[in-house]
4 protein chains.
Amino acid sequence: MVISNEAHARQFIEAIPHAKELGIWFETIGEGTVEMHMDYDERFIGDPKTKVIHGGAVFALLDTCCGAAVISHPEQRGLTATIDLRVDYMRPATPWQTIRAKATCYNMTRSVAFVRALALDNDDDRPVAAATGAFVAGN
Amino acid sequence: MVISNEAHARQFIEAIPHAKELGIWFETIGEGTVEMHMDYDERFIGDPKTKVIHGGAVFALLDTCCGAAVISHPEQRGLTATIDLRVDYMRPATPWQTIRAKATCYNMTRSVAFVRALALDNDDDRPVAAATGAFVAGN
Amino acid sequence: MVISNEAHARQFIEAIPHAKELGIWFETIGEGTVEMHMDYDERFIGDPKTKVIHGGAVFALLDTCCGAAVISHPEQRGLTATIDLRVDYMRPATPWQTIRAKATCYNMTRSVAFVRALALDNDDDRPVAAATGAFVAGN
Amino acid sequence: MVISNEAHARQFIEAIPHAKELGIWFETIGEGTVEMHMDYDERFIGDPKTKVIHGGAVFALLDTCCGAAVISHPEQRGLTATIDLRVDYMRPATPWQTIRAKATCYNMTRSVAFVRALALDNDDDRPVAAATGAFVAGN
């Protein structure tokens, strides 16, 4: 039986308790490209006045999405782990909107996979956050 | 009545639902230096096999701790927000151990506060993760 | 007389001794988007065996190109400065090839401009390095 | 004949044309800890008005110093390469002052070495820049 990397990525992420806890779910998965969504939840609120969700929830979504992008890459064998991740916060996410993350594994060396991602709410033109990271490559 | 920045930082963080959700609590707070703890919780598990917690939970702790370090800095007026944060993951946190974060706001310009932090489990000599970030300064 | 931001960006960069020293020159400049080139020079060699240029030369090119992208952005008033810059090195640049940098200022808040950039040699499909940075916004 | 990693690091760096070009020289080298200096030079000027040196020159110094710290680490076998490096610029370096960089390789996994560094001018208490990076480990 062949399990494609896509199926692998999907299985893997769906088994992560913390992703479940955050309500993260797959939208699409391609070859090194993944889109995931996370519904707004009052448990994620980082600022009680504005109801804006905490950066940590956005980060968890971006990190999970980047990891899935690596695993779904055709050259990747097996799972991965984050080496480092940088997140730039460009504006507060609008409360009560679903956050969508889109990640691309744009380069893979022998030992390191490079990924970048965006987090968006309903406004496609003004990202909420951008991520750049290095992940463990297995090939 | 004078509310010191320390009290301010403590109040602020304790009011964050996401920090409560993650079980983050203050250990010590100084002038630009903060230590926070987060108990192990199965809800944070990122890898079901190893029971290691998700990087996003460690990130949320580091981000919260860095933000508190900025707010507790003597030159800071008011709250802050993350501009960007980079996290380097050095090893998996040992399951069932409390994660401690120690953050220092080591430089403050007119518009940007620079912070670095470490996340530790019971092994003081081998950090779990390190963070470097830029935050909004208000002075 | 109106001096456009584009002219401003061009003037500014051409007056930088270190950019001259490195042989950096403009290729194109748009509204928040800049392309710059740097010819191969033996003075930049970082590894004497392979003749590959030093990451610091690539960084200087990326940093300069990102700064020019900020200055050329329609919302930017005046000059800028780097707050922080992260560079991911994906592979060694091929010796004796010109390095091209393409930078985009993709988001501008009241105090911070966010920029990303790629460095390429003759192979368009496999970038040499990628940069993500935060710069001082003036608007 | 045994060539220690220290000697290795020193030899290696001294053979780098770009480091020579920048006038970078070793001050001290320990086990995973290196200090390097770079004298002020008008060729590095990034801002003709203020005579402040270009961030790229500071970056090259920090990158070289971080690489040497990895090579000098007792667990490292052979040379290294930068995976990614983030530099935070905290203030302009004072013109005509020597820039000192101090780097520590504070963690080494099977495939990645983590390093951090500071760049200082004559004022020890207010760093000019801070760097955080991941390098290729060989052990």
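The model is predicted. Chain A holds three helices and eight strands, and strand 5 of chain A pairs with strand 5 of chain B.

**Chain A: overall fold**

- Read from the N terminus, the elements of chain A follow the order α-α-β-β-β-β-α-β-β-β-β.
- The radius of gyration of chain A is 15 Å, close to the 14 Å given by the globule rule for 139 residues, so chain A is as compact as a globular protein of that length.
- The C-alpha trace of chain A spans about 50 × 25 × 25 Å along its principal axes.
- Of the 139 residues in chain A, 55% are buried.
- When contacts in chain A between residues at least 6 apart in sequence are taken, 68% of them join residues at least 24 apart.

**Helix 3 in chains A and B**

- Helix 3 of chain A covers residues 55-71, which is 17 residues.
- From its first C-alpha to its last, helix 3 of chain A reaches 24 Å, close to the 24 Å expected at 1.5 Å a residue.
- Helix 3 of chain A is mostly covered, with 17 of its 17 residues buried.
- In chain B, helix 3 (residues 55-71) also has 17 residues and reaches 24 Å between its first and last C-alpha, close to the 24 Å expected.
- For helix 3 of chain B, 17 of 17 residues are buried.

**The sheet of chains C and D**

- Within chain C, strand 2 (residues 33-38) and strand 6 (residues 99-108) run antiparallel and are joined by six bridges.
- C:Met38 has C:Ile99, in strand 6 of chain C, as its bridge partner.

**Helices lying across the sheet**

**Contact between chains A and B**

- Chain A gives 26 residues to this contact and chain B gives 26 residues.
- On the side of chain A, helix 2 (17-22), strand 3 (45-47), helix 3 and strand 5 (82-89) are the elements that give two or more residues.
- Strand 5 of chain A supplies the largest share of that side, eight residues.
- By class, the side of chain A that touches chain B has 13 nonpolar, six polar and seven charged residues.
- Strand 5 of chain A pairs with strand 5 (residues 82-89) of chain B in the antiparallel sense, over five bridges.
- A:Val87 stands opposite B:Leu85, which belongs to strand 5 of chain B.

**Contact between chains A and D**

- Six residues from chain A and six residues from chain D take part.
- Strand 5 of chain A gives the most to the chain A side, with three residues.
- The side of chain A that touches chain D has three nonpolar, one polar and two charged residues.

Terms used. Residues are numbered from 1 along each chain as its sequence is written. Chains are lettered from A and ligands numbered from 1 in the order in which they are written. This is a predicted model: local features need pLDDT of at least 70, side-chain atom pairs count only at pLDDT 80 or more; totals for chains, interfaces and linings use all residues. Two strands pair if DSSP finds at least two bridges between them. Helices (H or I, at least four residues) and strands (E, at least two) are DSSP runs, numbered from the N terminus. The expected span of a helix is 1.5 Å times one less than its number of residues. A residue is buried if 20 or more other C-beta atoms lie within 10 Å of its own, exposed if 12 or fewer, and partly exposed in between; C-beta atoms are placed from the backbone. Two residues are in contact if their C-beta atoms, placed from the backbone, lie within 7 Å. Ala, Val, Leu, Ile, Met, Phe, Trp, Tyr, Cys and Pro count as nonpolar, Asp, Glu, Lys and Arg as charged, and the others, Gly among them, as polar. The radius of gyration is taken over C-alpha atoms; the globule rule is 2.2 Å times the number of residues to the power 0.38.
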